[in-house]
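The exercises below are meant to be worked through with the sequence and the 3D view side by side. Try each task before reading its solution.

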Amino acid sequence: MADGRTPRGADEDGFPVDPFGPVAAVRPFLVTAGRVAPTASSRPVPVETQVVATAEGLEALDRLSFEQHDIVAACRQPQSIAEIAARLRLHLNVVRVLAEDLRAAGQLTVYVPHIDVTRDASVLRRVIDGLRAVPDSRGVLRDTD
C-alpha cells in the first residue's frame with residue numbers, strides 16, 4: 001500500500017499469499033522425469049483406482065524420494081489416486097505416474113475398478129437417489145426430478 005502497510009492476504013512485498021501454504025518448488029515434469037503416461041499402454045490410471053502400501057513399501061520408506069515416500073506413507077490405508085493427489089497437494093498425473101512406478105517396484109498394490117461397474121448407469125442413478133434422500137440443513141428432502 002502507498003502508506004507502507006501490507007495488504008491483507010499478502011506477503012511483505014505485496015504478493016498474494018496462498019492460504020493453503022507454499023506451492024511446491026519442484027515442477028511436475030521433474031518429479032516424473034518428463035513422463036506423462038503412467039503405464040506402458042499410455043492409458044491413464046482412473047482417479048478412483050485404490051492403492052495400498054505393501055509391507056515392502058513400508059520397509060523401503062527411508063530409501064524413497066520425497067514424493068514416493070509421501071505416497072507410500074499415505075497409503076497405509078487404502079486411498080484413491082484422487083485422494084492422494086489432493087491430500088499431498090501433488091498434480092494428479094504425477095501421482096498416477098509415481099503410483100505405477102511404486103506398483104512396478106512392489107511397494108504399492110493397485111486395485112483398478114472393474115470397467116463394467118464404473119460405466120453402469122444404474123450405479124450412478126442409485127448414488128443420485130441416495131443423495132436426494134439426504135435432508136438439507138432444514139430437514140427438507142430435495143425434489144426427486
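Helices (H or I, at least four residues) and strands (E, at least two) are DSSP runs, numbered from the N terminus. The model is predicted, so local features need pLDDT of at least 70 and side-chain atom pairs count only at pLDDT 80 or more, while totals for chains, interfaces and linings use all residues. Residues are numbered from 1 along each chain as its sequence is written, and side-chain values use heavy atoms, with hydrogens and water left out.

**Exercise 1. Outline the protein: how many helices and strands are there, and in what order do the elements run from the N terminus?**

Step 1. The protein holds 7 helices and 3 strands, and read from the N terminus on, its elements follow the order α-β-α-α-β-α-α-β-α-α.

Step 2. Of the 145 residues, 23% are buried, where buried means under 20% relative accessible area, exposed means over 50%, and partly exposed lies in between (1.4 Å probe, protein chains only).

Step 3. The protein exposes about 10400 Å², of which carbon and sulfur atoms supply 57%; accessible areas come from the Shrake-Rupley method with a 1.4 Å probe, and for residues only the protein chains shown count as cover.

Step 4. Contact means heavy atoms within 4.5 Å, and among contacts between residues at least 6 apart in sequence, 60% join residues at least 24 apart.

**Exercise 2. Describe how helix α4 packs against helix α5, and say which residues meet.**

Step 1. Two packed helices are described by the angle between their axes and the distance between the axes. Axes are lines fitted to C-alpha atoms, for helices over the stretch in contact, and angles run from 0 to 180 degrees between N-to-C directions.

Step 2. The axes of α4 (residues 81–88) and α5 (residues 92–104) come within 9 Å and cross at roughly 120°, which makes α4 oblique to α5. In this scheme, angles under 35 degrees count as roughly parallel, over 145 as roughly antiparallel, 65 to 115 as roughly perpendicular, and the rest as oblique.

Step 3. On the α4 side, Ile-81, Ala-82, Ile-84 and Ala-85 take part, and they meet Leu-92, Val-95, Arg-96 and Ala-99 in α5. By class, this contact of α4 with α5 has 7 nonpolar, no polar and 1 charged residues, where Ala, Val, Leu, Ile, Met, Phe, Trp, Tyr, Cys and Pro count as nonpolar, Asp, Glu, Lys and Arg as charged, and the others, Gly among them, as polar.

Step 4. In the loop between α4 and α5 lies Arg-89, which has a positive phi of about 55° although it is not a glycine. Arg-89 counts as partly exposed because its relative accessibility is 44%.

**Exercise 3. At what angle do α3 and α5 pack, and which residues meet?**

Step 1. Helix α3 (residues 66–74) packs with α5 at an angle of about 80°, the axes being 10 Å apart, and α3 and α5 are therefore roughly perpendicular to each other.

Step 2. Glu-67, Gln-68, Ile-71 and Val-72 in α3 meet Val-95, Leu-98, Asp-101 and Leu-102 in α5; by class, the contact of α3 with α5 has 5 nonpolar, 1 polar and 2 charged residues.

**Exercise 4. Where does Gln-107 lie, and is Gln-107 buried or exposed?**

Step 1. Gln-107 sits in the loop between α5 and β3 (108–111), and with 13% relative accessibility Gln-107 counts as buried.

Step 2. Leaving out residues up to four places away in sequence, Gln-107 touches several residues, among them Ala-53, Glu-56, Leu-64, Val-72 and Leu-102.

Step 3. Glu-56 is found in helix α2 (residues 55–59); although Glu-56 and Gln-107 are 51 residues apart in sequence, their C-alpha atoms are 5.6 Å apart in space.
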